[in-house]
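Please consult the sequence and the model alongside the points below.

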Amino acid sequence: MTVSTKQEWSTHTGFILAAIGSAVGLGNVWKFAYVAGEGGGGAFILIYLASVFLVVVPVLVAELMVGRHGHKDPVDAARAVRKEAGAGPVWETIGWLGIIAPFIILSFYCVVAGWTLDYLVMTASGQFRGLDSAGVSAVFGSVLQDPGRLIMWQTVVLAITAVIVMGGIQNGIERAVTFLMPPLFLILIALVIYGVSLGGFGEAVAFMFVPDFSQVDGEVLVRALGQAFFSLSVGAGMMLAYASYLPNSVSIPRAALTIGVADTAVAIVAGLAIFPIVFSYGLSPAEGPELVFVSLPNAFANLPFGTVFGCAFFLLLAFAAVTSSISMLEPPVSFVLQRSRLNRRQAVVLVSAMAWVFGCLALLSFNLLADVRPLGLLPGFEDKSIFDSMDHLTSNLMMPISGILLTLFTGWVINAKIRNGEFGGAGLGLRVWLFLARFVAPAAIFVILVNGFILPVFHG
Ligand code: PHE
């Protein structure tokens, strides 16, 4: 038996919490709010929900099946399962995407997670007191203009992530999520209650739930689908890695549904907390990545006990980010462990150091390298900075492509014995999942990708 597979989750809840911990992160609060805001609200959210339950949850089932059955790091897991199925090496792409995508995500994710810590300190020291929206916006601008500051906070987050992953599955990851997840939910609920008390609540609900399809184009579809993959951490190796430590007694479809429902609930609840603030402070929901970092400090600056509340919020956002970042570090680390003589600690240091370098490039794209368009020659990337390219490439391309491969592989290629064994039964649930995995999910992803990336080339 190999190094990384000796460990197992100590309890079912430990695994579920870790998987939800991975899923629930900046994606649910920071990214969901701004992509939904830019995508026009209700219509985006409707497409998002369809993407989650018709496409991404079925892919999640597939990913957990391959991960548990392969029982190794993402690359070897994909290789083992495709060999057992007698299928060609093309399916190993799933494994490679499963270590490259989380590595790229880790690099830019720690930058944003760093902002939450920076904001924690600023809120605690009362720097937002008395500022209006323009003032808070200016603060965010000055944070982005300061590479040293961005690097410092990115380094802090990466170091915390590394220390936890060094502890391994039970003593590191499982312990961290058990401690960090529950308070996050409480604070979110408290924020919604605050949101309800604001004048903008009705407007926010209308914005989120009354769809206006006039704003929906190919790009919005791509973003809604990509957001569903990103938010559930699906198609990025993390579920392959986590499921390799999963005991056979856990029901995969039940776990997948639980993760999907929990993650979606947090995103919607976060929206119900953020959009009322956005509207009642006269901000635009289409603000972009700074949405949360401008709207929330605004609210906290004017709210009774705003400092306490604001600190709690940014602290917990940082917690949520860390329970996700550890899950991005684990797949490449398990890959290195399997293929080198390094021990876990050394493997963690190696991968984190590499992610640090990529993270520096990402954060420089807010200042010194703002004009660099690294993938500018590719369709869809013409206007994307380094940071945006890393995000677009992973969420909107790599993860969906991995989704197509995973569903086709588990739906059509592997034999029924493996499939039914991992799914746990052959009843109605299996038939529904098979239909989604064989037809609906791959076709939907394919159409959306063609629409978003290929067709625009021909339309100029
Ligand atoms: N799902 C995480 C979030 O919402 C991000 C993530 C993506 C984590 C891919 C792991 C792998 O913040």
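The model is predicted.

**Ligand shell**
- Around the ligand there are 16 residues, with Ala23, Gly27, Tyr109, Phe230 and Ser233 coming nearest.
- Two or more shell residues come from each of α1 (12–23), α2 (26–38), α5 (93–124), α10 (218–232) and α14 (306–339).
- By class, the shell holds 8 nonpolar, 8 polar and no charged residues.

- The side chain of Tyr109 places an N or O atom 2.5 Å from an oxygen atom of the ligand.
- A backbone N or O atom of Leu26 is 3.1 Å from a ligand oxygen atom.
- A polar backbone atom of Phe230 lies 2.7 Å from a nitrogen atom of the ligand.

**Largest pocket**
- This pocket contains about 510 Å³ of space.
- Its lining comprises 24 residues, and Tyr34, Pro289, Ser385, Phe387 and Asp388 lie nearest its centre.
- Two or more lining residues come from each of α2, α6 (133–144), α10 and α16 (386–413), and α16 gives the most, with 6 residues.
- The lining divides into 8 nonpolar, 7 polar and 9 charged residues.

**Second largest pocket**
- The volume of the second largest pocket is about 250 Å³.
- It is lined by 13 residues, with Glu219, Pro379, Gly380, Glu382 and Pro456 closest to its centre.
- α10 and α18 (428–458) each supply at least two lining residues, and α18 gives the most, with 4.
- The lining has 5 nonpolar, 4 polar and 4 charged residues.

Notes. Residues numbered from 1 in each chain as written. Predicted model: local features only at pLDDT ≥ 70, side-chain atom pairs only at ≥ 80, totals over all residues. Heavy atoms only, no water. Near = heavy atom within 4 Å. Polar contact = N/O pair within 3.5 Å; in protein donor to acceptor, adjacent residues only side chain to side chain. Nonpolar A, V, L, I, M, F, W, Y, C, P; charged D, E, K, R; others polar. 1 Å grid on protein atoms, 1.4 Å probe; cavity = no way out; pocket = protein on both sides within 12 Å on 5 of 7 lines; lining within 4 Å. Points joined across faces, edges and corners; volume = space filled by probe spheres on them.
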